[in-house]
Amino acid sequence: MVDDKLAGTCSVCLRTMQLHGDSPIRHGFSAVGVRHGQHSGYHTGPCQGTRFPHLGISAEGTKWALDNARERLTAVEIELARLAGNPDLTWYPDTFVRGRPMRDPTRPVKLRYGEDVAYAGDGRPTYAWEHKRQVTRQEDIKKELERAIDTYEKVIVTWSPEKYPTTGAAKKVEITHMATPRKSSRGEEWTGVLCRFTKKGYASDKIVKTDDPSKVTCKKCRKDLGLPPL
Ligand SMILES: [Zn+2]
Ligand SMILES: [Zn+2]
C-alpha cells in the first residue's frame, strides 16, 4: 500500500484497498474470515467489492456478499446431499500441458458406486476415493462459506462509518499568506495577499491569510517579509 494513496475497507472481501472515488480499485477476491493460505481456493477471480462503496460509506456491498454466500451455501448443501446418494461420478484423466498435469475434459470416465474397474489402464481411482475427494472439497467450501457468513453478519450488525475510516490520504496543506491591505485607484479597499496582486472579491477573500507574520507559510510571502524559509 502506497502511503499517499487513499485507502478504505472493501465491503465484500473486507480488506484494506486503495480507493478510486468511493469504491475500491480492481482487486482479486480473497476468502473472508480465514487466514491467508487456509482457504479452499474455490472462490477466485475479481472481487465484486468494486461495484459498491467502501465500508466507510455503507455496508451495502457486505449485504450483497452475505446474500451471495448464503446462496452458495445452499448450493453446496444440495451437492453434499446429492453425493450422499452415491451418484455416478465423472472423473477425468490427466493430460500434460507444457509439462504440467491438467485434467483432460475430452476423456470423461464414469465411475459407478460398487462397480470399480480394476486395471482400466487410465489411472482412474476407485469410486470410494473419488467420492471422498469430492465430498471433502464440498465440506471445505461449506466451512469457508459458514465463516464468511458469520463474519458478514457481525460486520452488518455492528457497522458504523466511523469503524471503517479511510487512511493514507495525502493531507492537503493550506498555504497561509500574509494579509495585505489593497486599494484601487477608485478608492475601493480590500484585503489581498503580499506575494501577488488579487482583485477585490472572491479570489481575494478565499485565499487563506493572516495578519500574524509568524503564521505565514507561503514561501514568497515569507521572502517578501524578510522571514527565513520554513
Ligand atoms: Zn474486495
Ligand atoms: Zn503568499
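Guide: Two strands pair if DSSP finds at least two bridges between them. Helices (H or I, at least four residues) and strands (E, at least two) are DSSP runs, numbered from the N terminus. This is a predicted model: local features need pLDDT of at least 70, side-chain atom pairs count only at pLDDT 80 or more, and totals for chains, interfaces and linings use all residues. Residues are numbered from 1 along each chain as its sequence is written, and chains are lettered from A and ligands numbered from 1 in the order in which they are written.
Visitor: Which residue takes a positive phi in the hairpin of E2 and E3?
Guide: Gly 21 does, with phi near 70°; two residues lie between these strands. E2 (residues 16-20) and E3 are antiparallel, with two bridges, and Leu 19 is opposite Pro 24 of E3.
Visitor: And how many bridges join E1 to E2?
Guide: Three, again in an antiparallel arrangement. Thr 9 has Thr 16 in E2 as its bridge partner.
Visitor: What is the strand order in the open sheet?
Guide: The order is E1-E2-E3. E1 (7-9) and E3 (23-24) are at the edges with a single partner strand each, so one side of each has no neighbour in the sheet.
Visitor: Turning to helices, what do the buried residues of H2 pack against?
Guide: They pack against helix H1 (60-84), where contact requires C-beta atoms, placed from the backbone, within 7 Å. Among these buried residues are Ile 141, Leu 145 and Tyr 152. A residue is buried if 20 or more other C-beta atoms lie within 10 Å of its own, exposed if 12 or fewer, and partly exposed in between.

Terms used. Two residues are in contact if their C-beta atoms, placed from the backbone, lie within 7 Å.
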